[in-house]
Amino acid sequence: MTDELFKAAKDAMAFAYAPYSKFPVGAAIRGEDGKVYKGANIENLAFPQGWCAECTAIGQMIMGGAKKIVEIAVIAEKLPLCPPCGGCRQKIAEFATRDTCIYLCDEVGVQKTLTIDELLPFAFETEVIG
Ligand code: THU
């Protein structure tokens, strides 16, 4: 993982709006276009109807015109590594390839690197839809 992606995930965490959980999370994606897209978790009073940092970053990536996640870094201030939630695993899978690198980080750097098959084994897949 590049320093740029790690720094982007950390920087993104500073934008977390997490007054209810007080659990800031940051994510940064490098898309197939080479650009870095950042996201933080964003909550609201009807907690848990907020959304995760990964979700924000994916939205940024799509709106930036990229369609594939080359690599994604996730960091949470209060955990040595933050495994993406179930919903985010499915969302990441939608835009991942078998080569996508998923980096779980702490404040120093990468603590664990996973593929999407490791993060979401036996994923929901069908050719009936779409
Ligand atoms: N959260 C994320 O942003 N990403 C994850 O992978 C796990 C959880 C957020 C959701 C919520 O705002 C807070 O962390 C506590 O669950």
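**Close-up views of a predicted model**

Figure 1. The side chain of E43 places an N or O atom 2.5 Å from an oxygen atom of the ligand. In this predicted model, the side chain of E54 likewise has an N or O atom 2.6 Å from a ligand oxygen atom. From C85 the contribution comes from the backbone, where an N or O atom lies 3.4 Å from an oxygen atom of the ligand. Taken alone, the ligand exposes 370 Å², of which the protein buries 81%.

**Figure 2. Residues around the ligand.** The view shows S21, F23 and V25, together with N41 and E43.

**Figure 3. The network of salt bridges formed by E4, R30 and E71.** These three residues are linked through salt bridges. R30 meets E4 with an N to O distance of 3.1 Å. This pair links distant parts of the chain, with R30 in strand β1 (residues 25–31) and E4 in helix α1 (residues 3–13), 26 residues apart. R30 also forms a salt bridge with E71, in which the closest N and O atoms are 3.0 Å apart. Because E71 lies in strand β3 (residues 69–76) and R30 in strand β1, the pair ties together parts that are 41 residues apart in sequence. E71 and R30 are both buried; R30 has a relative accessibility of 14%. E4, in contrast, is partly exposed, with a relative accessible area of 48%.

**Figure 4. The salt bridge between K7 and D11 in helix α1.** The closest N and O atoms of K7 and D11 are 2.9 Å apart. Because the two residues are four residues apart in helix α1, about one helical turn separates K7 from D11. D11 counts as partly exposed, at 28% relative accessibility. The count of salt bridges in the model comes to three.

Figure 5. D106 is located in the loop between β4 (101–105) and β5 (110–114). The residue is buried, and K10, the nearest side chain of opposite charge, is 7.8 Å away. The side chain of D106 instead reaches the backbone nitrogen of V108 at 2.8 Å. A polar contact of 2.9 Å also joins the side chains of D106 and Q111. Neighbours within four places in sequence being left aside, D106 is in contact with F6, I75, P80 and Q111.

Technical notes:
Residues numbered from 1 in each chain as written. Predicted model: local features only at pLDDT ≥ 70, side-chain atom pairs only at ≥ 80, totals over all residues. Heavy atoms only, no water. Buried < 20%, exposed > 50% of the residue type's maximum accessible area, 1.4 Å probe, protein only. Lys, Arg positive; Asp, Glu negative; His and termini not counted. Salt bridge = Lys/Arg side-chain N within 4 Å of Asp/Glu carboxyl O. Polar contact = N/O pair within 3.5 Å; in protein donor to acceptor, adjacent residues only side chain to side chain. Contact = heavy atoms within 4.5 Å. Near = heavy atom within 4 Å. Areas by Shrake-Rupley, 256 points an atom, 1.4 Å probe, with all protein chains shown as cover.
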